[in-house]
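Thanks for making time this morning; I would like to walk you through one structure, beginning with the chain as a whole and then moving to particular side-chain pairs. Please keep the sequence and the model in view while I talk.

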Amino acid sequence: MANARAAVFVQHTGSSERVVLVRAGSQAGSRRTVVDVLPADAHGVAQPVYQRAVPTPGDTGVTFAVTPGGIVIGHGTSGLGSGTFASATEVTSGSVRTVRPRSGQISDCADTCEAQSAPAFTTAAGMVTVYRQVTGCDRFAQGSGTACTFGFSVGSRWQSPTKAPTGYHAAVPLAATDSQLVAAWQPRVSEAEAPTVSASAATLFVVHDLATGRVLAQVKCTSTSSQQLLPGGAQPTTRLSPNGRFLAAGQVVFDLTARTGQCLTGKGAQRGVTVRAVTDGGVVYGLHPGSPSPGSAPDAYGALPGEGASPVLVHAGQDAVRTLPEGAVLPLYVARSGSGVFEDRDIVAVYPAG
């Protein structure tokens, strides 16, 4: 494949892990995106669990979104903004299909209300499609009239308005695991700007059952820094502990057994903590993102921190944040055995617990 752009992801599917290799470039005179899904525990030359080759439009940028449910190859950006696509090819073990933005009616609206929708990412329960109401509501969040519905649907299973916490009308789907979906909820949002979590904009972070939308845990947070809430934006920093008790997404950690959540979005002078890994015992490894430049645009919530980030450790349910030595390498994942997967420069290694 000539002039290829490649990306590698780790896909957690039940009790197993897979490596996803995506390459976009020219092949046999046409532009194609090739997806190889490989078993992570393979020895020698790995044989793909499945491989798909998908035609790629040459006039749009290509973005990859990988969740446990499958892979989305996104082309361009829809009118709903970052995290959604002008068209998207959904690749799973059983099918390949293309999804495009569309307009439709909101069924629970008092009058005839139009909504625009666009694909974001896929899950085991189907494609997550984001939509925004564009008629019959307070489009610019001026506080008068009915709040606009900004929400999402999960395949044909459920839609966010039917699972909305009381008083909340705007929801952004942030990430998904095999059986949960994490969403950020706000009372109302303006069409003129992306939803954000900040010191003045409290956000309700909710874990939904992926298949039904039932609320499993929730926590309300503010943030010491302004962060944009984008569809799929927290997928790179969403981690489930091996025993399934603790779920971290960006800068929040949930105890699914106790049905509680903890904000790691910062307090006062303390910066937020973006999670990298969480253990069965609730030990959270994360990073203090570097300080933003004056006048810079808000960071995307849940994105991997860049240069200047410092490693820290937090125990779920406790406020104390322990700063680790400069240069400490954090685990990317923690296995059931307690072993950690680490990446340092160009080396990926697994070290046993202790």
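This is a predicted model: local features need pLDDT of at least 70, side-chain atom pairs count only at pLDDT 80 or more; totals for chains, interfaces and linings use all residues.

Let me begin with the surface: the accessible surface of the protein chain comes to about 16500 Å², and 48% of that area belongs to carbon and sulfur atoms.

As for the fold, the protein chain has 31 strands and zero helices. Of its 354 residues, 47% are buried. If we take the contacts with a separation of 6 or more, residues 24 or more positions apart account for 47% of them.

Now to the charged pairs. In general, side chains of opposite charge can pair when their charged atoms come close. How many salt bridges does the structure hold? There are three, and I will take them in turn.

In the pair formed by Arg 23 and Asp 36, the closest N and O atoms are 2.5 Å apart.

Next come Arg 97 and Glu 90, whose side chains meet in a salt bridge at 2.5 Å, N to O. Here Arg 97 is partly exposed, at a relative accessible area of 41%, and Glu 90 counts as buried because its relative accessibility is 6%, under the 20% limit.

Then there is the salt bridge between Asp 255 and Arg 245, with the closest N and O atoms 2.8 Å apart. This pair links distant parts of the chain, 10 residues apart: Asp 255 belongs to strand β22, residues 252-255, and Arg 245 sits in the loop between β20 (238-240) and β21 (246-249). Asp 255 counts as buried, at 10% relative accessibility, and Arg 245 counts as partly exposed, at 33%.

Finally, the aromatic rings. The structure holds two aromatic pairs, and one of them is formed by Phe 152 and Trp 158, in an edge-to-face arrangement with 5.5 Å from centre to centre and 70° between the planes. Both Phe 152 and Trp 158 are buried.

Technical notes. Residues are numbered from 1 along each chain as its sequence is written. Side-chain values use heavy atoms; hydrogens and water are left out. Rings of Phe, Tyr and Trp (its six-membered ring) pair if their centres lie within 6.5 Å; planes under 30 degrees apart count as stacked, over 60 as edge-to-face and the rest as tilted. Buried means under 20% relative accessible area, exposed over 50%, partly exposed in between (1.4 Å probe, protein chains only). Helices (H or I, at least four residues) and strands (E, at least two) are DSSP runs, numbered from the N terminus. Contact means heavy atoms within 4.5 Å. Accessible areas come from the Shrake-Rupley method with a 1.4 Å probe; for residues, only the protein chains shown count as cover. A salt bridge is a side-chain nitrogen of Lys or Arg within 4 Å of a carboxyl oxygen of Asp or Glu.
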